[in-house]
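Please look over the sequence and the model before reading on.

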Amino acid sequence: MLAGLMGFFAAGCSDATNTAPESSKDAFIDSVLSTLTLEDKAGEMTQLTLDMVCVKEGMNVDEPHRLDPEKLKHVLVDLRVGSILNCAGHAYTPEKWHELIGGIQDKATEKPSGIPVLYGIDAIHGPTYTTGGVLAPQQLGLAATWDTALVRKFAENAAQEVLASGIPWNFSPVLDVARDARWPRFWETFGESPRLVTDMGVAMVKGYQEGPSPIAACLKHYMGYSRPLSGKDRTPAWIPERQLREIFLPPFAAAVEAGAATVMVNSGETNGIPVHADRHILTDILRDELGFEGLVVTDWEDIRYLFKRHKVAADYKDAIEMAIHAGIDMSMVPTDTLFPVLLAELVREGRIAESRLDESVRRILSVKYDRGLFDTGGMPPSIEDYPDKASLEGTAARAALESMTLLKNEGQHAVYPDQPILPIGGTGRILVTGPTANSLNALNGGWTGTWQGRNPKYNTPGRPTAVESMREVFGADRIDLAELDMEFGQADIDAVTRSLHPRTTQCAVVFLGEMPYTEFKGNVETIELFQNQQDLVKAIHATDVPVIGVYVGGRPRTHSAIEPLLDAFLMAYLPGDYGARAIADVLSGDFNPSGRLPFTWPRHPSSHLTHDCKHTELNEGGFNPQYTFGSGLSYSPVQTTNLEILTGESANMGDTVTVEVTLQNTGDRSTTETVIVYSQDRVASITPSVDELAAYKQVVVPAGATSKVTLDVHTHNLGFIGRNNMYIVEPGYFGLRIQDQFAEFELIAP
Ligand code: GLC
């Protein structure tokens, strides 16, 4: 049936991404929809994981992974499934992806509707499931660059490899706002600031969708997923509507405005309502308020979980009815074949109107249309068209460098006693130790090669670990490696320190942090740094060998007990395949660090405060983070002085307030300075935050130079969600702060 339509359509479409006018698209979708049966529609709303169409004897898919013709027929021809996701456990070569997706799309032509399958993947820091792919830092590190142009470029590059693998839909970006370091997906976010998350999220969406090889982005996990009371994945969140709109909604609103194609729903519950059953969030806000017209897909198995976990539905059919009426378009089922059958039953029973399915199928067909599936049949491009990775690596490597955040640099330089210890000088021996010193997996984090990112088998050969890059940069003959795994004990520590002496070892670089995890596998009872890692630092410090800490991990772990023992401390986040070299280039001084923390680093495991905390949280030293949001050092410090509001002491509603500061580079190297303006509402009808991120700008200040820089603060951005849950900007006095410089102006009522 579709062949005729595709023939009609193909006549009007030139390349893999459709650019025909909307009317032609609507006409095409209407014509396809008019040919679909109830079973076709239910099938289009079904997404299954790749395992479901692969040869699988036991628990795991048979190696080498290969399609099972019978399963393919049942899933595609009988059940008419419209979407397939994921890999069946691990990464594949581009050629293997082409074999699998080509086989799926071939079989899809035998669907009664003939509609191609929409394939989705989690390529969250580059093509994470395509072996050899260019892997950039995870989002938390990308945020630390404060460089939206770079993030957009990264996303464009990632889209090239993902699409070249045959995949047009990427379950990225994460737009959750990270407010609690216990939460195991902290590292998958752009940090704690709704403003920074918004800017980075929009940049990533545009990079995925508007680059040379566009793919569909997916905003996740809408919304309120990142603030569970317990800090544990998929546990209840209490987020009143006002906070939901103040903190968690803005990134999604902006990304919808930016044209995001799809949204994935939060698996958790907010205020006792599972979001997958919450029509207020999924329809009233997302559709009616934000005007989102794209595809809403569930997260993993979340319709079944409405009765299996959340207990708000009596059975599977109840759960389906609830979720569809809340606003779900596609179910990531993903491991049962009941969903489409029960969905069709519900329509026949009159519990769901077929017109409701038509709404969802339109949205699904729209994504398939926009991704050119009706033109290409969803077939992968030619393997010869796979992008030249050398052209992509520079951006990933640059992102790793720009993410590096130097949080402490004291002690004594090996050659210039009046200088701090970094960059490492001299020629003395360097001890490299710690559990993340020799692991590429530690540098990449979860969703890399495998779901948990822990299997070195799928790492790209030749991509160095931290110690390998240290050898490359400092010279192998200077580096002594004392390798430790995560479970090292006192005997291992004793072995490390036994031979240490300042006469023989110039300094120790201790690689602290975590091994990869994601989702519930990363749940913790405390975010205190592992005791053995603290003991290691103490023991090395006791030998009088200077200690440089490098933290490789996706959430801050508190280390206040040993922080004074560290001469320097570098946050490397999860910097990706080029992160080892970035670390070594910063430690050697080959790169002047410019990263700025996108979150507040707690001093104690129980303190989950953020930069936009309230005044009552400052009392009695309540807000005393180890390192503040936006902090980061460079090797050539830039002094900020003379903050001035150029537009005067007052401004009218709707005006733009322009501030100016003087930047003086007091060192001998050019520095990239991120100038951050915080606004401070003096009096408001809702308790104002101590600081709100109002504007930021990156400026290169040459060595020894003094320059002035201006930034604009739009008064419309000085508002908040008021008592009626509506956004409001109130007149009154506002402070503006850059570093330790303050100025004030009055916002005049209209
Ligand atoms: C997971 C994650 C989600 C991911 C999806 C598909 O459960 O919550 O982020 O995109 O399943 O892999």
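Which of the 14 residues around the ligand come nearest? They are Asp122, Arg185, Lys220, His221 and Asp299, where a residue counts as near if one of its heavy atoms lies within 4 Å. The model is predicted, so that local features need pLDDT of at least 70 and side-chain atom pairs pLDDT 80 or more, while totals for chains, interfaces and linings use all residues. Residues are numbered from 1 along each chain as its sequence is written, and side-chain values use heavy atoms, without hydrogens and water.

The shell around the ligand holds six nonpolar, two polar and six charged residues; Asp, Glu, Lys and Arg count as charged, Ala, Val, Leu, Ile, Met, Phe, Trp, Tyr, Cys and Pro as nonpolar, and the others as polar.

| Side chain | Distance to a ligand oxygen atom |
|---|---|
| Asp122 | 2.5 Å |
| His221 | 2.7 Å |
| Arg234 | 3.0 Å |

The protein covers 98% of the 310 Å² of accessible area that the ligand has on its own (Shrake-Rupley method, 1.4 Å probe).

Strand E3 spans residues 118-121; strands are DSSP runs of at least two residues, helices of at least four. Leu118 and Gly120 point one way and Tyr119 and Ile121 the other, and all are buried (under 20% relative accessible area, 1.4 Å probe, protein chains only).

E3 pairs in the parallel sense with E2 (residues 83-85) over three bridges and with E4 (residues 169-170) over two; pairing requires at least two DSSP bridges. Leu118 is the bridge partner of Ser83, and Gly120 stands opposite Trp169.

Notes. Buried < 20%, exposed > 50% of the residue type's maximum accessible area, 1.4 Å probe, protein only. Polar contact = N/O pair within 3.5 Å; in protein donor to acceptor, adjacent residues only side chain to side chain.
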